[in-house]
Every structure is written in C-alpha cells, then in structure tokens.
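Biologist: I would like to learn how to read a protein model, one feature at a time. Could you show me the structure and let me ask as we go?

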Amino acid sequence: MFFRILHKGNVGDLVTGLAATREIVGPKAKGEDFVFGEITDPSELVLDYPTTILPPKKYFLLPKENLMHYDTKNSGVSQDAPNVTPRVIFGVHPCDINSLLLVDKVFLGDFVDPYYKARRDNTLIIGVSCMPTPSCMCNAFGTGEVNQGFDLFLTDLGDRYFVSCSSVEGADMLDKFVETREVEPQDMKAFQERTKAWEEAFTPAPDITQLPLLFDAKYNDPLWEEIGDDCLSCGACSAVCPTCYCFDVNDRQDADGQGGNRVRTWDSCCFSSFAEVAQGHNFRAQKAARVRYRFYHKQWGYLSKFGKVLCVGCGRCTKACKVNINPRRVIEALVKGGE
C-alpha cells in the first residue's frame with residue numbers, strides 16, 4: 001500500500017477520467033437522504049454524507065434477477081449470463097466495505113456464486129472516511145476502519161484527501177486521471193488528528209465480549225417475547241442491511257405456459273413465510289422466534305462459522321425500524337438481563 005495527497009478540487013478529474021470506461025456509482029442526494037446511484041456529472045457526487053438508504057450490496061446481489069430460462073415445449077433450459085457492467089463504486093464507507101468482505105465469505109466461499117463473482121470482479125471500490133452518527137455502532141464491531149477490500153481509500157483532511165492505494169488498479173487510476181502529491185509531515189499530523197476526532201465522536205459502544213455466551217444462555221429468555229411483540233415483520237431491517245444475504249428462488253411461468261424464468265429475489269428471515277416448508281409447517285411461526293433468529297444468526301451463528309460477527313454497525317436498521325428494534329437495544333437487554 002502507498003499513500004498520496006489529493007486536493008478536493010481534483011476529485012472531479014478522477015470521476016471524469018474513470019467515466020470514460022466504467023459506470024460511476026456513488027452517494028448522491030435524494031431529498032433529505034442519500035442513495036448510491038449512477039453519477040453522470042461529478043457535481044452529483046456527495047462524499048461527506050452520513051449514510052445511504054441502501055448499501056452498495058445492491059450492485060452485487062441484485063434485489064431481483066433471472067438465473068435461468070426454461071422451455072417446457074422443448075424441455076430446454078438455458079442459464080442467464082450475469083448482467084455485468086464494469087463499474088466504480090465511489091465513496092463507500094468503511095463499514096460498507098467491511099460488509100462486502102463478510103458477504104464475500106458466503107458467495108465466494110465453498111460455493112462460488114457466478115452472478116455475484118462476476119460483479120465483484122468487474123467493480124472497483126473507492127472508499128471514503130466518515131464521522132459517526134448517533135445510530136452508528138461500528139466502534140463495537142471494529143468495522144469503522146478498513147485495511148482491505150478497496151482500491152483507493154480517501155480520508156478527509158479538510159481541503160484535501162489522504163489517499164491509501166491498495167491495488168494496481170487503484171495506482172493506475174491515480175496515474176492516469178488525477179494530479180496528486182507526496183505525503184508531507186503536516187499531512188500525517190492532520191491524519192492523526194482526524195483519526196483522534198473520529199474516535200472521540202462515537203457514542204460509547206455496548207460491551208459485546210460475552211454475546212455468544214449470552215445468546216446461548218438466554219435463548220428462552222422472556223425478552224425475545226417482549227421484543228417480538230413489537231416487531232412488525234415488515235423486513236425493513238434486512239432490506240437495508242449491508243450483510244443480509246438471504247434470497248428466495250421461484251419459477252415464474254410465462255402466460256402462454258411454454259416456458260418461464262427462475263428468478264432470485266431478496267428475502268428476509270423476518271417474514272412469516274421464510275421458515276415455512278412443505279405441508280405448511282413453519283419452524284419459526286412466531287415473531288419472537290424470528291426476531292431471536294435474526295439477532296442470533298448475526299451475532300453468533302455467522303461468528304461460529306466464519307469467526308466474525310455479521311453486523312458492521314452501520315445503523316441503517318436502527319433508522320429503518322418503526323418500532324425501535326435495533327442491535328444496541330437487543331445487546332443492552334441481553335447484557336442487563338431483560339427489557
């Protein structure tokens with residue numbers, strides 16, 4: 001990895017240069033919120049944003065996509081090629097970069113998902129630093145900083161960015177499209193001061209050191225009924241989550257009955273149908289069981305297999321939930337002994 005200084009006034013040159021060969025996606029304003037969307041003009045790009053409604057996961061695991069087409073008349077099946085656009089995702093926060101690394105373990109692990117892999121292989125990531133919002137919990141999970149998973153990472157130093165370059169593609173971006181300079185002592189001092197200010201801006205994080213033990217010990221605790229009573233089963237928390245990866249697959253027949261498509265769509269363990277199987281049996285028919293499963297899987301189940309917690313503390317679920325069910329509330333209830 002090597003480092004450079006990029007003055008903010010030159011960011012537009014980088015965007016314009018990259019746009020010649022790739023689609024540029026980045027955070028842009030949408031009313032009072034921000035979303036990841038296509039950037040057609042550098043002025044649309046907003047790098048000092050708090051968070052986006054949806055994470056960049058939507059560019060790798062599409063909300064809906066055709067996997068194959070079947071022909072009942074000729075008994076034929078053809079796999080749909082992944083719809084891949086060479087792309088740069090600009091302005092990704094550390095928590096969202098870390099979330100992609102977690103999802104990679106599922107889709108690029110024992111079984112490689114060709115659709116997800118094709119998009120990961122054709123996407124460059126330019127990260128950007130951020131300051132914590134009241135709903136952030138990345139300080140609890142250690143995901144507010146990132147050392148891999150990006151091609152360039154920009155740390156805001158006021159009138160300039162401290163650029164960390166970690167790939168050949170990232171180095172090519174800087175050489176081809178934008179003017180930078182060497183890092184000087186005053187830049188390092190500003191970087192350290194900025195890091196200290198970032199650390200001091202967080203709301204203190206709850207203690208998560210005993211969570212695996214607490215989840216097992218309090219599996220039948222009444223707190224799950226109390227939280228489950230509040231849950232609307234709307235799935236908003238999983239829809240906005242950067243690490244939720246559950247999906248459903250359905251065959252959708254054409255109107256003429258001659259063929260159809262096998263379609264993959266996002267799903268949610270909060271939905272009552274998620275754990276329903278043949279003949280109508282439902283392993284998690286009660287809301288309390290679904291809420292418990294969601295938190296248990298993120299904070300313990302994924303950890304037991306991959307060694308990391310499946311939550312990056314981005315705070316999107318906290319904002320999306322209409323009844324105030326969020327990781328901080330659940331963790332504190334477990335630690336303190338109930339609601």
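Biologist: In E11, which residue is the bridge partner of Asp248?

Modeller: The bridge partner of Asp248 in E11 is Thr265. Before we go on, this is a predicted model, where local features need pLDDT of at least 70 and side-chain atom pairs count only at pLDDT 80 or more, while totals for chains, interfaces and linings use all residues. Residues are numbered from 1 along each chain as its sequence is written, and side-chain values use heavy atoms, with hydrogens and water left out.

Biologist: Which strands make up the open sheet of four, and in what order?

Modeller: Its order is E5-E4-E11-E10, and the pairing is antiparallel. Strand E5 (76-79) and strand E10 (247-253) are the edge strands, each pairing on one side only. From one strand to the next, the twist averages 25°. For angles like this, axes are lines fitted to C-alpha atoms, for helices over the stretch in contact, and the angles run from 0 to 180 degrees between N-to-C directions.

Biologist: Which helix lies across E4, E5 and E11?

Modeller: That is helix H3 (residues 114-121), which runs at about 130° to strand E4 (64-71). Contact means heavy atoms within 4.5 Å.

Biologist: What is the strand order in the open sheet of seven strands?

Modeller: Follow E1-E9-E8-E7-E6-E2-E3, with mixed pairing. Strand E1 (2-7) and E3 are at the edges with a single partner strand each, so one side of each is left without a neighbour in the sheet. Direction ignored, neighbouring strands of this sheet are turned by 25° against each other on average. H2 packs on the sheet and touches E3, E6, strand E7 (123-128) and E8, its direction making about 145° with that of E7.

Biologist: Do E2 and E6 pair in the parallel or the antiparallel sense?

Modeller: Strand E2 (residues 23-30) and strand E6 (residues 87-92) are parallel, over three bridges. Glu23 has Arg87 as its bridge partner in E6, and Ile24 stands opposite Val88 in E6. On the other hand, E2 and E3 run antiparallel, joined by six bridges. There, Gly26 has Gly37 of E3 as its bridge partner. E2 and E3 form a hairpin with two residues between them, and Gly31 in the turn has a positive phi of about 65°.

Biologist: How many aromatic pairs does the structure hold?

Modeller: Rings of Phe, Tyr and Trp (its six-membered ring) pair if their centres lie within 6.5 Å; planes under 30 degrees apart count as stacked, over 60 as edge-to-face and the rest as tilted. The structure holds 14 such pairs. One of them is Phe36 with Tyr49, edge-to-face at 6.3 Å centre to centre and 80° between the planes. Phe36 lies in strand E3 (residues 33-38) and Tyr49 in the loop between E3 and E4, so the pair ties together parts that are 13 residues apart in sequence.

Biologist: Which element gives the most residues to the lining of the largest pocket?

Modeller: H6 does, with four residues. The elements giving two or more residues to this lining are strand E8 (152-156), strand E9 (160-165) and helix H6 (185-200). By kind, the lining has ten nonpolar, six polar and two charged residues. Ala, Val, Leu, Ile, Met, Phe, Trp, Tyr, Cys and Pro count as nonpolar, Asp, Glu, Lys and Arg as charged, and the others, Gly among them, as polar.

Key: Two strands pair if DSSP finds at least two bridges between them.
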